[in-house]
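Look at the structure below and follow the text through its disulfides and then one of its sheets. The model is predicted.

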Amino acid sequence: MNIFDETGQADGWDGRGAGEAKARKSIGKNVVRLVGAGAVAGLLAAALALPAVGGTGAVILSASDGLNLKAEDLKEPPLAEKTTVLDARGNQIAQFYEEYREVVPLSKVAEVMRTAIVSIEDYRFYEHGAIDLEGTSRALVKNLASGGVSQGGSSITQQYVKQVLLNTAVTTKDKNKALEASYGRKLNELRYAMAVEQKYSKDQILEKYLNIAYFGAGANGVQAAAKRFFGVNASELDLAQAATLAGAVQLPNSTDPEAGRKAQKRLLERRNVVLDRMAELKKITPEQAQEAKAKKLGYKGTPLPGGCGASPYPYFCMYVRNEILKNPSFGKTEKSRTQFLNRGGLTIKTTIDPKMQAAAERAIRKRVHASDNAVASEALIQPGTGMIKAMAASRKYGQNARRNEMSYNVVADAAHGGGVGFQAGSTFKTFTLLTALKKGMKISDGFSVGAGYRAPGYYTFKNCKGENIGDPTHTVTNDEGSGGFKTLQTGTWGSVNTFFMELEQRVGLCDTVQTAKSLGIKRSDGLKLQEYETFTLGINEMDPVTVANAYAAIGARGKYCAPMAISQITDRNGKVTDYQPQCRQALDPEVADAAANILSGVFTKGTMRGVGGIGRDAAGKTGTTDNQATAWFAGFTPDLAAAVSIGDPRGSTTHKLNGVTIGGTYYGAVFGATIPGPIWKDTMLSALRGVKATSFHPINTSRFGGCGSHCGGSVIGGNGRGGGGGDPVTVVPADM
């Protein structure tokens, strides 16, 4: 946000009484060199004590109060500078800023730009000290004659001071004080300017001024202005362009080319004034001035870069932004974190892989249109690091509802700009499977189940608070109504609801919840997980990043790593901070191996057999919620994990995926293997092309390979219903 008085930045003819302040500056850095300073100061003292001609007789500032000409150090905090976000390959993908500014050294500003700004703002800049006696005396005489403050005489140094004070002002009151038309303000600026002249060379002051000045059209600093106005770097400005920017500085609001034709006409007139002044000072020839004046304004209005809406990866961009805004390690308060991001001039390197992102986008586009009511989203995570490699969705990010744009991060949780998410369905059965393996069950252990499951009593399940959970009046059924003997393998391959309800009863609801939590599972909306007996059926709302990351931990042999989007931050001073994966061993590696072994069968003997595998070791689980409200597929290889969801953001329970047209194809019902599974497969085939395949670690057959001690008897926490060997059974095509 830019706040300026209508006189803009240059006090050099702002009609607000700069004369007396100028006189004081003359007694600054070069007192000996500035001959006549004492006389001007004396004249100034008299002027300050006198009433305005024809005025009320009120004294503005007494000599005894105001004539302290001691230099005062100016606090110069770093300028607000844009933050640049890069992908894993170093390509720019986004920018964040409070003020669009790119600080550049004077050596990267065209010589003609330097000449133009000095010619129009302070042509004796390199000759005088903190104050220009000649200009100040002239302004003072005119002010006294007019009985007011009709002419100013600010040097570039004073203008720089004014902008520092304005940029550091926090409250509206402070900003108004930095702009007020008073002798007191001008005297303060003079004291600061004296110190600035003592501290820096003239070139350094000019460099600072060119970087802080506001030129209009949202552009702060000469580099941003050159890009915004003409689509070039400051080093590439020609005479006409330089004169235009030099002219814009004085009245940036009145000459803002974005304000319309009248403002552009005023800007053109100001440009020509600058050209005439440069010719008058013999900085250019009259012929050069005429040639430049004959040119059109040439304003291009290059769009201001930045913001997630302008990013090619808006959902990932939102994730990165919120990662900084919500993380106390980047600042104690959200305000300080916002300033760190928007003003810090950072370079943020991220984990997103352009190749994998493109793979996800293509796979989604192939099957789901942006105009569809249902929205598909996908996240890719690297096992063993938690690095987010891609975040894609079928709809564009934006605020235009008529274009069916998404106004929130559909791929992530609420903490990263997302919404409530979608129920994850049978992808949660994996956590019950893992719990059973942790408790000693073998892959062919099992029990017989019916077509329906009803809890024996209200006491059957206990949540993690020890409370009784279980509704004996509610019956859970299988999609195809099948039952029979099921093992950990066949029950998983067929995604048999009644088997997993019974399995969860035996291994414990709380233990299943704890397994899920150990893999980073938390609700997308930030609320506590719902710990009911149907937990294993995926009643909690999830987001693809969270689910993909949980499955990535299995692919990493139980090593859980928190989702990671930022790998490195370089501050404005070049200090580099590298960020490492935050990992812990969440599962026994052999338990993860056994789970991967079972889940790999989903592609060959289970609900994904109609879709098929990807030509390398892979494992996964389909998920469909009650009556096809939402559908999922989550899967992994040792090299990459991904989760795909699809649902209707208008409300998945009221707008189910039955009798719908998606991607131009009509579906009577959408299951996990109908759309999410094929999207996952296409994504992985493309994303992993050229990546050497890594095999799953072999299962420990002595620990998990046979039915062992459980054959012929009850299983962990059993009720006598189990028994029998692990004979092959017909795979149930249901997937709830």
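Cys510 is partly exposed, because its relative accessible area is 21% and buried means under 20%. Cys510 forms a disulfide with Cys464, and their sulfur atoms lie 2.2 Å apart. This pair links distant parts of the chain: Cys510 belongs to helix H20 (residues 509–518), while Cys464 sits in the loop between strand E12 (461–462) and strand E13 (468–469), 46 residues apart. Cys464 is also partly exposed, with a relative accessible area of 29%. The link of Cys464 and Cys510 is right-handed, with 110° about the S-S bond.

A disulfide is a covalent bond between the sulfur atoms of two cysteines. How many does a search of the whole structure find? The search finds three.

Another joins Cys561 and Cys583, with 2.1 Å between the sulfur atoms. Cys561 is in strand E17 (residues 559–561) and Cys583 in strand E20 (residues 583–585), 22 residues apart. Cys561 is buried at 2% relative accessibility, whereas Cys583 is partly exposed at 32%. The link of Cys561 and Cys583 is right-handed, with 105° about the S-S bond.

The disulfide of Cys308 and Cys317 has an S to S distance of 2.2 Å. With -80° about the S-S bond, this link is left-handed. Cys308 is buried, at 9% relative accessible area, and Cys317 is buried at 3%.

Now turn to the sheet. Five strands form an open sheet with antiparallel pairing, in the order E8-E7-E23-E22-E21. Strand E8 (388–393) and strand E21 (619–624) are the edge strands, each pairing on one side only. From one strand to the next, the twist averages 5°. Strand E7 (residues 375–381) runs antiparallel to E8, joined by five bridges. Ala379 stands opposite Met391 in E8.

Technical notes: Residues are numbered from 1 along each chain as its sequence is written. This is a predicted model: local features need pLDDT of at least 70, side-chain atom pairs count only at pLDDT 80 or more; totals for chains, interfaces and linings use all residues. Side-chain values use heavy atoms; hydrogens and water are left out. Two strands pair if DSSP finds at least two bridges between them. Helices (H or I, at least four residues) and strands (E, at least two) are DSSP runs, numbered from the N terminus. Axes are lines fitted to C-alpha atoms, for helices over the stretch in contact, and angles run from 0 to 180 degrees between N-to-C directions. A disulfide is a pair of cysteine sulfur atoms within 2.5 Å. Buried means under 20% relative accessible area, exposed over 50%, partly exposed in between (1.4 Å probe, protein chains only).
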